[in-house]
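Welcome, and please take a moment to look over the sequence and the 3D view below. We will walk through them together, one place at a time.

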Amino acid sequence: MEHIAQISNRGGRWRLYVVLMGVPVLHWPEHHFGPTLTVPTAGERSRVLARFGFVAVDGAEWGWTEDNETYGDDTSPVLLLASIPVRPAGPADGGAA
């Protein structure tokens, strides 16, 4: 089963989470990177996903987009968002069967 992992920045903090359809947002796996001026590396993101029990789908890459903090207001601050399809880690990935 595939899911989507996303990373976003608000107030100088990057937040990575896995979207689990049918599960309340409160129960989605989530990690906050401390205040930082740099985007967490792909390796850092992969390690967090592995701790959650997920790996990127074969051949998938992070896709970046931007949005406005206030919908429809192109003068509002920009929010950077990235996503990647992920799947539960299996034995070959070092995860559970």
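Ser 76 lies in the loop between strand 5 and strand 6, the latter being residues 78–88. Is Ser 76 buried or exposed? With a relative accessible area of 9%, Ser 76 is buried, where buried means under 20% relative accessible area, exposed means over 50%, and partly exposed is in between, using a 1.4 Å probe and protein chains only.

A word on what you are looking at: this is a predicted model, in which local features need pLDDT of at least 70 and side-chain atom pairs count only at pLDDT 80 or more, while totals for chains, interfaces and linings use all residues. Residues are numbered from 1 along each chain as its sequence is written, and side-chain values use heavy atoms, with hydrogens and water left out.

Now step back to the whole protein. Its secondary structure comes to one helix and six strands, and along the sequence they follow the pattern β-β-β-α-β-β-β. Helices (H or I, at least four residues) and strands (E, at least two) are DSSP runs, numbered from the N terminus. The C-alpha trace spans about 50 × 30 × 25 Å along its principal axes. Of the 97 residues, 30% count as buried. Among contacts between residues at least 6 apart in sequence, 46% join residues at least 24 apart.

From Ser 76, look across to His 3: the two are 73 residues apart in sequence, and their C-alpha atoms are 30 Å apart in space. His 3 lies in strand 1, residues 3–10. His 3 counts as buried because its relative accessibility is 14%. Which residues is His 3 in contact with, leaving aside its neighbours within four places in sequence? They are Val 18, Val 19, Leu 20, Phe 54, Ile 84, Pro 85, Val 86 and Pro 88.

Two of those names come back at Ala 60, which touches Ile 84 and Pro 85, again not counting residues up to four places away in sequence. Ala 60 has its place in the loop between strand 4 (54–56) and strand 5. Ala 60 and Pro 85 are 25 residues apart in sequence, yet 6.6 Å apart in space, C-alpha to C-alpha. At 25% relative accessibility, Ala 60 counts as partly exposed.

Next come the aromatic rings. How many aromatic pairs does a search of the whole structure find? It finds two. Rings of Phe, Tyr and Trp (for Trp, the six-membered ring) pair if their centres lie within 6.5 Å; planes under 30 degrees apart count as stacked, over 60 as edge-to-face, and the rest as tilted. Trp 14 and Trp 64 form an edge-to-face pair, 5.9 Å centre to centre with 90° between the planes. Trp 14 lies in strand 2 (residues 13–19) and Trp 64 in strand 5 (residues 63–68), so this pair ties together parts that are 50 residues apart in sequence. Trp 14 is buried, with a relative accessible area of 3%, whereas Trp 64 is partly exposed at 39%.

Tyr 17 and Trp 28 make a stacked pair, because their ring centres are 6.1 Å apart and their planes are at 15°. This pair also links distant parts of the chain, eleven residues apart: Tyr 17 is in strand 2, and Trp 28 is in the loop between strand 2 and strand 3 (30–33). Both Tyr 17 and Trp 28 are buried.

Strand 3 is also where you will find His 32. His 32 touches Trp 14 and Arg 15, not counting residues up to four places away in sequence. With a relative accessible area of 45%, His 32 is partly exposed.

For a last stop, find Arg 45, which lies over the face of Trp 62, at 4.9 Å from the ring centre. A charge sits over a ring if NZ of Lys or CZ of Arg is within 6 Å of the ring centre and within 35 degrees of the ring normal. Helix 1 covers residues 42–52 and holds Ala 50, which is partly exposed, with a relative accessible area of 48%.

Technical notes: Contact means heavy atoms within 4.5 Å.
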